[in-house]
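Dear colleague,

Please find the structure below, handed over for your study. My notes on it follow.

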Amino acid sequence: MKHARLVLAIGLAATTGTAIAGPQSFTTARSFAMGGTGVAVAQPASANTANPAMMAMQQHDWANDFGLILPSVNARMADDEKVVDQIDDIQDTIDLLNQQVDAANFTGVQQSAGRLQNQLVELDRDTVRADAGVGISVAVPSSSISVGVFTDATLRATGRGNVADSDIALLEAIKNNPALAAGIDDIGDQLNSDGTVIAAAQGEVGLSLAKAFTLANDNTLSIGVSPKYVQLRTFEYVQEVSDFDDSDFNASEYETKKNGFNADLGTAYRFGKNQHWTAGLSVRNIIPMELDSKSGRTYELDPKATVGIAHRGDMHVLTAEADLTKNKAFGYGDDTQWIALGAEFDAFRAVQLRAGVRHNLASNDNNDGIEETTQYTFGLGFSPFGAHLEVAGLFSDTEVGGAVELGAAF
């Protein structure tokens with residue numbers, strides 16, 4: 001197995017259970033393409049996870065009776081320091097050095113020791129991060145009570161190389177001492193450097209209820225609630241360099257989990273000439289929850305409040321959104337508090353062009369891993385005869401990602 005255990009563990013963390021989700025809230029592909037927005041622009045099926053109140057708000061005539069997402073999938077990857085490639089190169093150098101030991105090529109051993117020393121120095125505290133999410137949603141809007149059901153799961157996993165000073169000193173000595181190079185056996189058994197994977201996850205399944213009221217001024221106020229069952233998970237795995245190729249791995253030994261009930265609340269207000277403006281407020285996870293990892297690191301799921309405003313026309317949507325609360329990082333990364341802009345142009349109900357940008361107000365240079373600053377998003381929607389295919393992309397200085405979604409609305 002060529003890839004390091006650090007990389008394998010990130011992948012395994014994403015499959016350690018059937019109901020997992022991460023610190024970053026789940027977003028549909030449409031929201032993904034519009035800078036992560038949705039509080040004031042969510043359509044019925046996406047309202048379940050963005051703002052339940054929007055499920056009862058009047059949509060276009062062709063999207064008022066039923067909404068389905070089956071499924072929506074997204075993923076992001078940040079590896080601007082090329083951690084995966086670095087670990088592959090380190091493994092190759094360890095294998096080469098051991099081959100040179102077996103062949104009594106001690107000059108080669110010294111050269112490989114110097115190369116391995118440089119590679120470990122470069123790897124130290126470099127970080128790779130992966131995010132993934134999947135969701136399913138059904139919504140039935142109604143003039144009485146709108147009802148929806150949903151389940152979603154997202155994960156954030158970060159991996160880091162931690163290099164021991166003793167390894168650098170050992171390799172320096174081997175590089176400069178032919179006698180020491182001749183006495184080396186298996187170099188992996190003598191190294192103490194390790195790779196660490198930390199993941200935080202949350203899964204949920206819930207029911208959404210929403211009701212819209214026409215006010216005396218003819219504006220519309222909608223209120224929604226989503227009671228749900230939540231599962232939190234953490235995963236923390238540390239493996240020494242010498243065991244990176246060990247295939248004996250039991251993910252359950254490194255995870256913790258906790259179950260409980262929670263709820264999301266939302267409200268939306270439609271106003272203005274021809275009711276083209278919508279303001280929305282959503283509070284997700286109103287009951288704080290905590291879960292400690294195996295090492296005692298605490299994952300905190302706190303209430304998250306987001307406010308948004310949108311202008312909607314026959315062929316366009318423009319929206320602005322801001323988190324009112326900070327989302328605390330778990331593992332090696334930034335806290336997040338997003339402000340975002342999103343736009344959608346609808347061409348005759350057949351093709352939708354989307355774009356967005358969002359900026360993290362909580363980003364700082366002193367974070368313990370990969371920064372999250374400004375991200376740019378884009379996407380396309382295809383909706384012939386009520387069926388939907390949504391695709392989206394994301395890029396920033398450190399990250400790339402994408403989303404795809406199948407669904408229906410009528």
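**Strand β12 and its neighbours**

Strand β12 and strand β13 (residues 351–360) pair in the antiparallel sense over 10 bridges. Strands here are DSSP runs of type E with at least two residues, helices are runs of H or I with at least four residues, and both are numbered from the N terminus. Two strands pair if DSSP finds at least two bridges between them. Please note that this is a predicted model, in which local features need pLDDT of at least 70 and side-chain atom pairs count only at pLDDT 80 or more, while totals for chains, interfaces and linings use all residues. Residues are numbered from 1 along each chain as its sequence is written, and side-chain values use heavy atoms, with hydrogens and water left out.

Glutamate 321 has alanine 340 in β12 as its bridge partner. The covered face of β12 holds Trp338, Ala340, Gly342, Glu344 and Asp346, whereas the uncovered face holds Ile339, Leu341, Ala343, Phe345 and Ala347.

**Backbone features elsewhere**

Which form does the peptide bond from leucine 70 to proline 71 take? This bond is cis, with omega near -15°, and proline 71 is found in strand β1 (residues 67–78).

Arginine 125 has a positive phi near 70° and is a residue other than glycine. Arginine 125 is found in the loop between α5 (106–123) and β2 (127–140). With a relative accessible area of 47%, arginine 125 is partly exposed; buried means under 20%, exposed over 50% and partly exposed in between, using a 1.4 Å probe and protein chains only.

Aspartate 218 is not a glycine either, yet its phi is positive, at about 75°. Aspartate 218 lies in the loop between β4 (194–214) and β5 (220–240) and is exposed, with a relative accessible area of 57%.

**A charged patch**

On the surface, Asp85, Asp89, Asp92 and Asp95 gather in a patch of negative charge. Such patches join like charges within 9 Å, from residues with over 30% relative accessible area and no salt bridge (a side-chain nitrogen of Lys or Arg within 4 Å of a carboxyl oxygen of Asp or Glu). Aspartate 95 lies in helix α4 (residues 83–102) and counts as partly exposed, at 32% relative accessibility.

Yours sincerely

Methods
Patch = residues over 30% accessible without salt bridge, like charges linked within 9 Å, V, L, I, M, F, W, Y side chains within 5 Å. Areas by Shrake-Rupley, 256 points an atom, 1.4 Å probe, with all protein chains shown as cover. Lys, Arg positive; Asp, Glu negative; His and termini not counted. Charge placed at Lys NZ, Arg CZ, Asp CG, Glu CD.
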